[in-house]
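Please open the model in your viewer and keep the selection panel at hand. The stops below move from a strand to a helix, then to the ligand and the whole chain.

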Amino acid sequence: MLYNLVMKDYYTISEAAELLNKSTKTLRRWDDEGKLVAVREPMSNYRVYHRNDIQNLFPDFLIENNSQLNNYVKPNNDYKVLELFAGAGGLAIGLEKAGLKCEALNEIDKFACQTLRQNRPHWKVFEGDIKNFSFSEFKNKIDVVTGGFPCQAFSYAGKRLGLEDARGTLFYEFARAVQEVNPPICIGENVKGLISHENGNTLKGMISILDEIGYNVVPVEVLKAINYKVPQKRERLILVGIRKDIQIKFDYPKPFNKIYNLKDALKKGELFDTDVPISGGAKYPQSKKVVLDLVPPKGYWRDLPLEIQKEYMGGSFFLGGGKTGMARRIGWDEPSLTLTCSPAQKQTERCHPDETRPFTVREYARIQTFPDDWEFAGSLAQQYKQIGNAVPVNLGREVGYSIIKFLNSYYSLKSKS
Ligand SMILES: C[S@@+](CC[C@H](N)C(=O)[O-])C[C@H]1O[C@@H](n2cnc3c(N)ncnc32)[C@H](O)[C@@H]1O
């Protein structure tokens with residue numbers, strides 16, 4: 001584990017790449033350019049990087065990356081994922097980046113399926129309503145079933161629920177797939193609001209259903225994307241089920257101290273090797289543009305002249321509450337607010353810092369930490385929707401490390417028994 005390497009003087013190219021969140025290709029380029037030059041390790045004579053050289057380039061290297069060291073775990077096997085409700089693949093590529101293999105994915109939206117197929121032709125994409133698919137062919141062949149099922153209420157709120165009580169909901173379909181596949185671990189992801197949905201009864205119902213089908217649920221946590229190298233204040237609830245015959249602890253990924261901001265998302269820097277590529281994007285209607293022209297970076301509707309505030313906010317003006325997301329212009333030195341499925345949507349404007357326009361498609365993708373070469377299919381509106389729906393890739397990667405850690409322990413114990 002890289003955790004043990006904190007005090008080392010020398011780092012191999014793959015260790016340095018992982019710690020700096022750069023590709024080994026980038027490091028090789030830096031070596032050629034003289035930006036970060038590898039040296040010969042005195043004992044082994046391998047080409048490695050000296051800690052001081054890395055620190056000269058990244059002064060925070062050891063301080064800020066200590067926590068990063070904890071999460072990376074190398075998989076001992078080719079672990080297989082079945083990803084349900086896969087959307088445009090935010091979680092799937094995060095898990096792939098961590099070292100997991102996406103064996104199969106399901107998604108109903110044809111444009112999202114097209115996105116998955118065009119970027120990863122080798123992925124097995126089951127297109128269509130989940131309720132029409134059986135996953136029995138994967139029984140005992142998948143290591144983790146994952147899925148961001150849309151949140152729906154159950155009618156038996158308050159009682160102890162069994163799987164049949166949830167029939168008709170998408171959580172039922174998730175749990176059914178888990179039951180059919182019988183993986184050691186399953187992971188559901190959802191919005192934070194699931195905790196309070198129907199006074200907490202929806203979540204309680206899900207936990208009792210997972211219990212009924214043979215899975216213990218780890219205490220639920222809400223992970224803040226900004227703590228996982230995502231320049232966006234997005235939160236995701238993680239629901240982890242562990243098959244009852246397994247007594248291994250699941251550790252959530254440890255949060256990083258360093259917070260990335262919009263500049264890190266759109267400009268060349270630690271998160272990305274280049275400035276954001278140019279791409280198409282939505283426009284604000286003229287009536288909105290003239291209002292947002294008056295809002296400074298990091299400002300919102302309260303920064304408008306009083307009369308314009310009243311006119312723009314309409315009835316909401318008198319309702320009270322901060323509504324800091326309305327008529328919002330994001331600043332370069334802060335993370336973006338949560339991106340929505342449609343960038344010019346009323347009440348959730350996230351305006352570009354320098355220009356009065358929504359973020360372009362590629363800017364949206366950067367804020368969700370999608371790689372620049374991940375192309376989205378469909379119209380502009382379809383592309384924004386796929387990106388806005390996604391789990392940020394870097395958050396998915398960190399969750400992936402936790403899954404790998406769990407599976408390594410599981411299979412290592414199993415081989416001994
Ligand atoms: C929150 S999004 C998932 C995002 C995805 N995990 C990611 O990281 O990009 C939920 C997805 O569930 C899909 N979905 C909704 N109902 C479905 C159904 N009945 N069968 C299959 N997929 C469905 C939606 O089209 C949407 O893409």
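Two strands are taken to pair if DSSP finds at least two bridges between them, where helices (H or I, at least four residues) and strands (E, at least two) are DSSP runs numbered from the N terminus. This is a predicted model, in which local features need pLDDT of at least 70 and side-chain atom pairs count only at pLDDT 80 or more, while totals for chains, interfaces and linings use all residues. For your selections, residues are numbered from 1 along each chain as its sequence is written.

Select strand E4 (residues 80-84) together with E7, and you will find the two running parallel and joined by 4 bridges; Leu 84 has Gly 147 in E7 as its bridge partner.

Next, select helix H5 (90-98), where 8 of the 9 residues are buried, among them Leu 91, Ile 93, Leu 95 and Glu 96. The cover over the buried residues of H5 includes E4, E5, E7, E8 and helix H14 (393-416), where a contact requires C-beta atoms, placed from the backbone, within 7 Å. Just after H5, look at Gly 99, which takes a positive phi of about 120°.

Which residues come nearest to it? Of the 20 residues around the ligand, these are Phe 85, Gly 87, Gly 90, Ile 108 and Ala 390, a residue being near if its C-beta atom, placed from the backbone, lies within 6 Å. H5 and strand E5 (101-107) each supply at least two residues of this shell.

Finally, select the whole protein chain, whose secondary structure comes to 14 helices and 15 strands. Its C-alpha atoms fill a box of roughly 75 × 65 × 35 Å, taken along the principal axes, and 39% of the 417 residues count as buried.

How values were computed. A residue is buried if 20 or more other C-beta atoms lie within 10 Å of its own, exposed if 12 or fewer, and partly exposed in between; C-beta atoms are placed from the backbone. Two residues are in contact if their C-beta atoms, placed from the backbone, lie within 7 Å.
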